[in-house]
Amino acid sequence: MALTVVRDLRDVRPPATAEELEQFETDVLARASAGLADGTIRGDVGHLEQTRSWFGQPLWEMEPPDADTYFGEVQRASPSGTRLGRSQALTTYFLFLELRHKVEIHRMTGQVIECPIDEMNRPRGSKDAALRIPPSGPEVKMLFTGWGDELATCRKFAPTARNY
């Protein structure tokens, strides 16, 4: 077994520009929301945008002292549901980054991604994300079968057409 020298690939690749990092951050935010209901996406994106505007730099650069300052001082007067929603949106965002883009962000910035909110400092409460789950084949068939039966016997078309 022989030893070899390991080189950092960042020496070979050019550093990412500010524009590339901004486009990447927007793209990652959009991909983190995939599969969620529209209301959940709007809420999470709103929380992340407000956190990002306070932080003033990409969220993946946030560290535990920054999160402590934000949730302990800046958000102290906010309702507990708001703090909970913001912390869970941030936690979900970091989980997505760690699973899908940890290596790419390290390659682009040299920063190792780690969620700034640990289990001990996470606000209490529960908030479940609303998932967009398409109906099964039998459910779709039952919907249109029942609807078609009502259309054949209805006195007025408009009220039946609105009856889902």
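Student: Within what distance do the axes of α2 and helix α3 come, and at what angle do they cross?

Tutor: To read a pair of helices, one considers the distance between the axes and then the crossing angle. In this predicted model, the axes of α2 and helix α3 (residues 64-74) come within 12 Å and cross at roughly 105°. Angles from 65 to 115 degrees count as roughly perpendicular, and α2 is therefore roughly perpendicular to α3.

Student: Which residues of α2 and α3 make the contact?

Tutor: From α2 come Q50, T51, W54 and F55, and from α3 come D66, T69, Y70 and V74. By class, the residues of this contact divide into 4 nonpolar, 3 polar and 1 charged.

Student: How do the axes of helix α2 and helix α4 cross?

Tutor: The axes of helix α2 (residues 38-55) and helix α4 (residues 80-100) come within 9 Å, with a crossing angle of roughly 90°. The two helices α2 and α4 are therefore roughly perpendicular to each other. On the α2 side, D44, H47, L48, Q50 and T51 take part; they meet T82, G85, R86, A89, L90 and Y93 in α4. The residues of the contact of α2 with α4 divide into 4 nonpolar, 5 polar and 2 charged.

Student: How many helices and how many strands are there in the protein?

Tutor: One counts the elements and then reads their order along the sequence. The protein has 7 helices and 0 strands, and its pattern along the sequence is α-α-α-α-α-α-α.

Student: Is I105 buried or exposed?

Tutor: Burial is read from relative accessible area, and a residue under 20% counts as buried. I105 lies in helix α5 and has a relative accessible area of 0%, so this residue is buried. Leaving out residues up to four places away in sequence, I105 touches F24, W60, L97, G110, Q111 and I113.

Student: Are H101 and P65 buried or exposed?

Tutor: H101 is located in the loop between α4 and α5; its relative accessibility is 3%, so H101 counts as buried. P65, found in helix α3, is exposed, with a relative accessible area of 53%. The C-alpha atoms of P65 and I117 are 9.4 Å apart, and the two residues are 52 residues apart in sequence.

Student: What percentage of the residues of the protein counts as buried?

Tutor: Of the 164 residues, 27% count as buried. The protein exposes about 11,700 Å², and carbon and sulfur atoms supply 55% of that area.

Student: Where is the place of Q111, and with which residues is Q111 in contact?

Tutor: Q111 sits in the loop between α5 (102-109) and α6 (137-153). Apart from neighbours within four places in sequence, Q111 is in contact with W60, E61, E63, I105 and H106. A polar atom of the Q111 side chain lies 3.4 Å from the backbone oxygen of W60.

Note on methods. Residues are numbered from 1 along each chain as its sequence is written. This is a predicted model: local features need pLDDT of at least 70, side-chain atom pairs count only at pLDDT 80 or more; totals for chains, interfaces and linings use all residues. Side-chain values use heavy atoms; hydrogens and water are left out. Axes are lines fitted to C-alpha atoms, for helices over the stretch in contact, and angles run from 0 to 180 degrees between N-to-C directions. Helices (H or I, at least four residues) and strands (E, at least two) are DSSP runs, numbered from the N terminus. Angles under 35 degrees count as roughly parallel, over 145 as roughly antiparallel, 65 to 115 as roughly perpendicular and the rest as oblique. Contact means heavy atoms within 4.5 Å. Ala, Val, Leu, Ile, Met, Phe, Trp, Tyr, Cys and Pro count as nonpolar, Asp, Glu, Lys and Arg as charged, and the others, Gly among them, as polar. A polar contact is a pair of N or O atoms within 3.5 Å; within protein, one must be able to donate a hydrogen and the other to accept it, and residues adjacent in sequence count only if both atoms are side-chain atoms. Buried means under 20% relative accessible area, exposed over 50%, partly exposed in between (1.4 Å probe, protein chains only). Accessible areas come from the Shrake-Rupley method with a 1.4 Å probe; for residues, only the protein chains shown count as cover.
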